[in-house]
Structures are given as structure tokens and as C-alpha cells.
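User: I'd like to learn how to read salt bridges in a model. Could you walk me through them?
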Amino acid sequence: VYIYYCSDEVIKTKGGDTTIRVTMERLVPSFEIIAVVLDCWSDHLNYDENARHANSPSRVFCKVATTVS
């Protein structure tokens with residue numbers, strides 16, 4: 001499992017991003033999304049790309065800092 005629970009309150013990725021569980025639970029319409037939540041998802045999605053079919057196009061999911069100027 002790529003995203004794992006350090007405790008009941010913290011989500012940490014192998015990419016080094018850490019966030020508390022409640023910020024991930026706020027992924028609902030009309031709530032502001034904290035950048036670290038998107039960074040955690042990008043780490044997870046990039047990891048999942050390792051399991052893609054060889055004939056499917058590869059994708060890269062960027063962190064917030066790379067897309068905001």
C-alpha cells in the first residue's frame with residue numbers, strides 16, 4: 001500500500017507528504033482543498049502508474065508547487 005496510516009490521524013506518503021486525516025475527509029464540494037492533499041494524491045497516482053498496462057499511455061501527476069506560479 002502506497003499511502004499508509006502512521007496513526008489514526010496522519011496520512012504519510014513515501015514521497016514525503018504528510019497530512020492529517022481530516023484534511024483528506026474534506027474532499028467534498030464547496031470546501032477549499034489544501035495543497036498537501038493534492039500533493040498526497042499526486043504521489044499516490046504516480047505510484048499507481050507503475051501498475052498500468054504496458055500499452056497504455058504513461059502519465060505524470062504534478063505537485064501543486066510545479067503548477068502554480
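Analyst: Happy to! A salt bridge here is a side-chain nitrogen of Lys or Arg within 4 Å of a carboxyl oxygen of Asp or Glu. Side chains of opposite charge can pair when their charged atoms come close. The model is predicted, so local features need pLDDT of at least 70, side-chain atom pairs count only at pLDDT 80 or more, and totals for chains, interfaces and linings use all residues. Residues are numbered from 1 along each chain as its sequence is written, and side-chain values use heavy atoms, leaving out hydrogens and water.

User: How many salt bridges does the rule give?

Analyst: Three. In one of them, Asp43 pairs with Lys63, with the closest N and O atoms 3.0 Å apart. Asp43 lies in helix H2 and Lys63 in the loop between H2 and helix H3 (64-67), so the pair ties together parts 20 residues apart in sequence. Helices are DSSP runs (H or I, at least four residues), numbered from the N terminus.

User: Is Asp43 buried or exposed?

Analyst: Buried means under 20% relative accessible area, exposed over 50%, and partly exposed in between (1.4 Å probe, protein chains only). Asp43 is buried at 8%, while Lys63 is partly exposed at 26%.

User: Which residues are linked in a network of salt bridges?

Analyst: Glu49, Arg52 and Arg59. Glu49 bridges to Arg52 at 3.6 Å between the closest N and O atoms, and to Arg59 at 2.8 Å, N to O. Glu49 is buried at 10% relative accessibility, Arg52 is partly exposed at 32%, and Arg59 is exposed at 51%.

How values were computed
Helix = DSSP H or I, 4+ residues; strand = E, 2+ residues; numbered from the N terminus.
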